[in-house]
Amino acid sequence: MVLNRVAVVGAGFMGAGIAQVAAQAGQQVALIDLKEAALEQARRDIAFSLERLHAKGIVSESPDTVMARIACGTTLEALRTADLYVEVVFERIEHKRPVLEEADALLPDHAIVASNTSAIPIKLLGECVKNPARVVGTHFFSPVPVNPLLEVIAGPETADATVDAVVAWGEQIGKQVLRVKKDIPGFVMNRLVGAMSLEAIRLLEAGAASVEDIDGGLRTGYGFTLGPLEIADLAGLDVCLHAFTNIYEMDPGELREPPELLKRLVAEGKHGRKTGEGFYRYDDRGRNLGPAL
Ligand SMILES: NC(=O)c1ccc[n+]([C@@H]2O[C@H](COP(=O)([O-])OP(=O)(O)OC[C@H]3O[C@@H](n4cnc5c(N)ncnc54)[C@H](O)[C@@H]3O)[C@@H](O)[C@H]2O)c1
């Protein structure tokens with residue numbers, strides 16, 4: 001099944017990026033949000049990103065040509081003719097459920113329902129619609145216009161044809177797709193990188209090595225571009241704690257339990273790069289000034 005008409009609901013940080021990459025690939029996109037202000041911000045962000053990508057020669061079409069394929073709006077009318085619906089609202093099942101139920105009532109029968117989630121089980125999302133075979137998880141990596149990775153996650157009732165169509169769509173819009181074959185808490189990447197960051201925090205907490213040596217060791221010895229503490233600071237320590245807690249609650253285990261040091265930093269408002277301090281300190285342009293601990 002070819003997915004050409006895309007409706008993206010939720011025009012925040014991720015929704016704007018998803019709409020942009022689909023439009024760059026020549027697709028007609030409806031970008032929908034409850035708030036006009038979110039749509040205006042999304043338009044500005046997409047235009048800014050397209051200008052930069054065009055200037056670097058990464059996007060050959062003019063920003064105006066790409067922007068013309070994105071129709072922004074606050075109503076759900078476009079869902080009636082969509083082939084692919086992508087839900088990109090807040091990471092809480094209480095938010096996603098009513099959004100998915102509403103979409104289910106409007107979408108044509110052939111349309112695929114994708115939910116952009118960081119960690120919510122696809123099984124739970126599938127329960128929000130009449131036909132869970134058409135529900136699939138898409139975990140785009142940020143910033144979507146420049147990060148090529150996309151996890152496509154099958155729930156227990158997702159049809160193979162649904163996964164195949166979304167994998168093909170992901171490749172069509174320029175993504176490198178990682179198929180997650182089992183609906184496991186945290187999927188594959190958050191699980192893997194999370195495990196490394198958790199262990200790095202525990203080693204730091206135990207006084208085993210310094211912030212710089214833990215990250216530097218992985219850069220020097222294993223060719224990492226960023227160490228696990230730098231990755232956690234970039235993602236946001238509050239976001240990490242939320243994700244680790246969710247995974248731990250769904251799948252408890254000593255190695256998955258969020259460490260006290262992480263809880264303390266979050267409680268102190270040290271959320272990483274975005275707040276100017278986490279495991280490292282940052283200047284107001286986000287440049288790393290060296291370890292904070
Ligand atoms: N931020 C990241 O780096 C990242 C990475 C991977 C996955 N995700 C996932 O993507 C999803 C969205 O994250 P985000 O960072 O873009 O959030 P965000 O807060 O930037 O945007 C969410 C948008 O959804 C809109 N919205 C809420 N309810 C709505 C409704 N009923 N109808 C229409 N619009 C509605 C809000 O107005 C807001 O503009 C989450 O599930 C998140 O876990 C985020």
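**Exercise 1.** Which strands does helix 4 (residues 93-106) lie across, and at about what angle does it run to strand 4?

*Solution.* The structure is a predicted model, in which local features need pLDDT of at least 70, side-chain atom pairs count only at pLDDT 80 or more, and totals for chains, interfaces and linings use all residues. Residues are numbered from 1 along each chain as its sequence is written. Helices (H or I, at least four residues) and strands (E, at least two) are DSSP runs, numbered from the N terminus. Helix 4 lies across strand 1 (5-9), strand 4 (84-87) and strand 5. Its angle to strand 4 is about 165°. Axes are lines fitted to C-alpha atoms, for helices over the stretch in contact, and angles run from 0 to 180 degrees between N-to-C directions. Two residues are in contact if their C-beta atoms, placed from the backbone, lie within 7 Å.

**Exercise 2.** Give the strand order of the open sheet and find its edges.

*Solution.* Two strands pair if DSSP finds at least two bridges between them. The eight strands follow the order 3-2-1-4-5-6-7-8, with mixed pairing. Strand 3 and strand 8 (176-180) have a single partner strand each, so one side of each lacks a neighbour in the sheet. From one strand to the next, the twist averages 25°. Helix 2 (residues 36-55) packs on this sheet and touches strand 2 and strand 3; its direction makes about 155° with that of strand 3.

**Exercise 3.** Describe the pairing and side chains of strand 3 (residues 70-73).

*Solution.* Strand 2 (residues 28-32) runs parallel to strand 3 and is joined to it by four bridges. I32 has G73 as its bridge partner. A residue is buried if 20 or more other C-beta atoms lie within 10 Å of its own, exposed if 12 or fewer, and partly exposed in between, with C-beta atoms placed from the backbone.

**Exercise 4.** Check the span of helix 8 (residues 211-222), then locate its buried face.

*Solution.* The expected span is 1.5 Å times one less than the number of residues. The buried residues are V211, I214, D215 and L218. They fall within an arc of 95° seen down the axis, so they line one face of helix 8. The arc is that of the directions from the helix axis to the C-beta atoms. T220 and G221, on the other side, are exposed. The cover over the buried residues includes helix 7 (189-205) and strand 10 (288-291).
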